Amino acid sequence: MHATFSAEELAFQEEVRAFLRDNFNDDMAARIRDPKTFKAATIEWQKKRFDKGWVAPGWPVEHGGCGWSDTQKYIFDSALAEAGAPDVPPFGLKMVGPVIYTFGTEEQKQQFLPGILNGDTWWCQGYSEPGAGSDLAGLQTRAERDGDDYVINGTKIWTTYAQYADWIFALVRTDNSGKPQQGISFLLIDMRTPGITVSPIIAIDGEHHLNEVSFENVRVPVVNRIGEENQGWTYAKALLSHERTALSGIAYCKQVLNNVRKLAADENDDGQPLLNNPTFQARMADIEMELMALEYTELRVLATVANGGAPGMESSLLKLKGTELQQAVQNLFFDVAGLYGSVLPADADLSSLGHDYGDQARREYMYGRACTIYGGSNEVQKNIIAKFGLGL
Amino acid sequence: MDFSLNAEQQLLKDSIDKYMAERYGADQRRQYLAEGTGFSAKVWQDYAELGWLTVPLPEAEGGFGGSVVDTSVLMEAMGRSVAVEPYLGSILLGAQLIALGNNAAVKGRYLEEIMAGSCHAAFAYQERRSRHQLDAMDCRAERSADGYRLSGSKTLVLNGAAADVLVVAAWLDDAYTLFAVPATSNGVQRDAFKLMDGQRVANIQFDAVELAGDSVICEGDAALAMVETVIAEATIAVSAQAVGAMEKLLKETVEYSNTRKQFGQPIGKFQALQHRMVDMYTATEQCRSLLVRALCSHSGGEAQAASDTAALKAMVGKHGRAVAEEAVQLHGGMGVTEELSIGDYLKRLMVIDTLFGDSDWQRRRFAALRYGPQAA
């Protein structure tokens with residue numbers, strides 16, 4: 001039992017750090033944070049990783065993965081956190097990509113995987129509906145067969161970044177006769193198809209991340225179906241465990257905590273740095289210790305998967321605990337910002353405040369409230385662990 | 001990076017799991033506890049024959065030369081059964097300090113017998129005012145014509161009553177010094193107590209105890225450093241014991257919830273209870289992860305070993321108690337009886353929290369290491 005790196009792994013770590021020094025900087029970080037430049041900067045960052053061959057660590061090599069060991073993946077993620085670099089968007093690389101290379105046809109792989117890898121295709125996820133949230137299997141968007149097409153009618157909601165998306169992967173109902181989980185199919189849909197309307201939903205942070213996507217007689221070729229008709233739930237479930245693992249946000253939490261530590265060392269608290277305040281230290285220590293634990297929980301899960309196991313309830317555990325910790329670090333971040341975290345940027349010239357992170361702290365706190373809800377609410381994750389993990 | 005046990009460690013785990021399954025049921029445990037010393041001499045002899053008493057001791061001294069991973073494997077299994085043998089006091093503390101010291105005469109006198117199971121050791125370091133501060137002590141030795149004269153008193157010495165040799169921390173010319181003291185020496189007065197988890201401890205009074213000239217195990221900064229190392233390893237080992245106990249509590253609670261019926265169904269079908277058991281599971285997994293983390297960094301001699309160990313002990317203290325309290329609650333009225341062993345686990349986890357720095361103390365230590373002036 002050890003966590004030491006070999007000489008090759010140390011050399012790899014140096015290579016990753018050098019890559020980040022050369023390809024990621026504060027300017028890019030700021031452009032990714034700014035909603036106005038988010039999409040272009042995100043794609044720019046993805047292309048840098050793609051050019052290096054480092055865009056899909058979790059994928060098999062034959063589909064464009066890196067062929068890294070778990071240790072290398074850990075080194076890479078840790079280096080990203082150190083550098084304050086965000087991961088690339090998960091919709092293509094962590095969600096639909098694995099479904100396509102696992103269950104898709106040869107043609108689908110050739111058509112879609114390159115764009116997912118190089119960032120040319122932006123994907124969004126069409127799962128939730130106004131009447132199907134935590135109870136996802138209750139979805140009602142209908143797909144009726146008409147010749148070589150399906151005709152889609154219905155509404156998807158909470159669709160993150162649909163306004164940027166070229167394609168959507170969606171769960172649709174192709175049969176109503178059996179149990180709700182049966183009769184669902186998994187479709188890949190071009191967002192430019194006539195009949196698709198994207199309506200913005202402004203979130204609690206005042207930003208436009210979320211959308212409602214409605215389908216009115218949208219024709220989708222049957223060849224864009226993944227796998228068998230009515231078997232979509234099986235494919236979606238496989239995806240969900242990848243998604244939940246991806247939602248743990250451990251690298252993000254480490255980044256925020258590193259940042260909070262620096263900021264709290266500079267904030268005045270009754271004549272002392274805030275970082276010296278024992279109450280603040282205790283709070284931060286509680287969060288950091290849980291995060292250190294979760295980092296190893298994730299590594300233990302990866303090791304299990306590498307040995308042939310599948311991430312089952314462990315992925316629910318990572319989602320559950322990871323999102324709790326995301327909110328805990330966001331709370332801490334907001335509290336370090338103090339009243340400056342409440343200033344709305346539209347009303348003030350931020351540079352005149354002499355405080356440059358309040359806006360970010362507020363937005364991350366506000367949108368962070370969503371993380372315990374999306375990807376299957378944390379209460380649903382607890383149901384999953386209770387039933388499938390503990391056998392209750 | 002590799003979190004698996006090696007072949008030797010796996011054998012060790014299999015051997016103690018098998019032993020505990022056969023020899024450590026709740027009723028058997030009660031019989032062992034009822035013996036005069038608070039544990040079974042026969043079981044201790046089994047530990048010796050199975051080689052477990054040699055595990056942490058250096059090969060040069062005839063030991064197995066095992067690491068903290070090996071002792072954690074043993075302690076975790078002991079935690080699953082709330083074992084009552086004084087493995088911590090006798091082997092991980094007392095014997096280990098003798099073995100790591102630099103006094104060949106003392107080693108020759110005790111180690112072989114300790115490993116054979118015929119001699120017990122203990123480490124007498126805590127005094128009434130010490131709490132978790134190692135050098136907050138008044139015990140003092142002075143030089144005499146033939147050696148040393150030791151005076152002072154120690155409290156709550158783990159395995160203090162059964163020990164044949166006491167490793168005693170005392171000041172000698174203002175240097176922190178460890179002495180090997182035969183427990184039957186003139187002037188040694190022992191008062192034995194039971195702790196709530198079945199462990200036996202003793203308050204020990206040293207009244208001008210005459211010690212031979214070759215009684216010093218180690219002195220000065222080296223002695224304090226040695227004690228810190230031994231306590232750091234024991235801290236990880238008791239945390240492993242806590243993780244074993246937590247896993248067992250979760251398993252028992254789930255089983256009970258699936259069989260106990262109220263309102264016409266097993267209580268485990270109620271979502272309010274399911275979610276509480278998921279919280280127990282999450283806390284247990286998080287503690288297991290910190291155990292792996294601390295074992296890795298400690299074995300690798302890494303700089304973050306100290307903060308990893310502090311995090312482990314802080315979390316095990318906090319979550320261990322919480323998991324046990326939840327287990328009692330979910331067992332309902334039965335949980336507060338002595339009929340079930342749930343209470344035994346709660347008591348052990350509470351005792352573990354108080355050992356070597358409780359949850360609050362360890363969290364403060366962690367914060368000092370991570371955010372204090374000396375932090376990187």
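β1(B) runs parallel to strand β4 of chain B (residues 165-172), to which four bridges join it. Within β4(B), Leu166(B) is the bridge partner of Ala122(B).

The model is predicted. Its ipTM is 0.95 and its pTM is 0.94. For chain B the mean pLDDT is 96, with 99% of the residues at 70 or more.

The largest nonpolar core comprises 172 residues, and those with the most contacts inside it are Ile98(B), Val167(B), Val168(B) and Phe179(B). Helix α7 of chain B (residues 221-259) provides the largest share of this core, 16 residues. In soluble globular proteins, nonpolar side chains tend to be buried together. When neighbours within four places in sequence are left aside, the contacts of Phe179(B) are Ala141(B), Tyr148(B), Leu150(B), Val168(B), Ala170(B), Leu211(B), Ser215(B), Val216(B) and Ile217(B).

Chain B is assigned three domains: domain 1 (7-116), domain 2 (121-220) and domain 3 (223-371). A distance of 22 Å separates the C-alpha centres of domain 1 of chain B and domain 3 of chain B. Between these two domains, 19 residues of domain 1 of chain B are in contact with 22 residues of domain 3 of chain B. On the side of domain 1 of chain B that touches domain 3 of chain B, α4 (68-80) and α5 (87-100) of chain B each supply at least two residues. α4(B) gives the most to this side, with ten residues. By class, the residues on this side of domain 1 of chain B are twelve nonpolar, five polar and two charged.

Between the chains, 33 residues of chain A are in contact with 34 residues of chain B. The helices α4 (70-83), α9 (278-306), α10 (313-337) and α13 (378-389) of chain A each contribute at least two residues to the side of chain A that touches chain B. The most, 14 residues, come from α9(A). This side of chain A consists of 19 nonpolar, seven polar and seven charged residues.

How values were computed:
Residues are numbered from 1 along each chain as its sequence is written. Chains are lettered from A and ligands numbered from 1 in the order in which they are written. This is a predicted model: local features need pLDDT of at least 70, side-chain atom pairs count only at pLDDT 80 or more; totals for chains, interfaces and linings use all residues. Two strands pair if DSSP finds at least two bridges between them. Two residues are in contact if their C-beta atoms, placed from the backbone, lie within 7 Å. Ala, Val, Leu, Ile, Met, Phe, Trp, Tyr, Cys and Pro count as nonpolar, Asp, Glu, Lys and Arg as charged, and the others, Gly among them, as polar. Domain bounds come from an automatic or database domain assignment. pLDDT is the predictor's confidence in each residue, from 0 to 100. A nonpolar core is a set of buried Ala, Val, Leu, Ile, Met, Phe, Trp, Tyr and Cys residues joined through C-beta atoms within 7 Å. A residue is buried if 20 or more other C-beta atoms lie within 10 Å of its own, exposed if 12 or fewer, and partly exposed in between; C-beta atoms are placed from the backbone.
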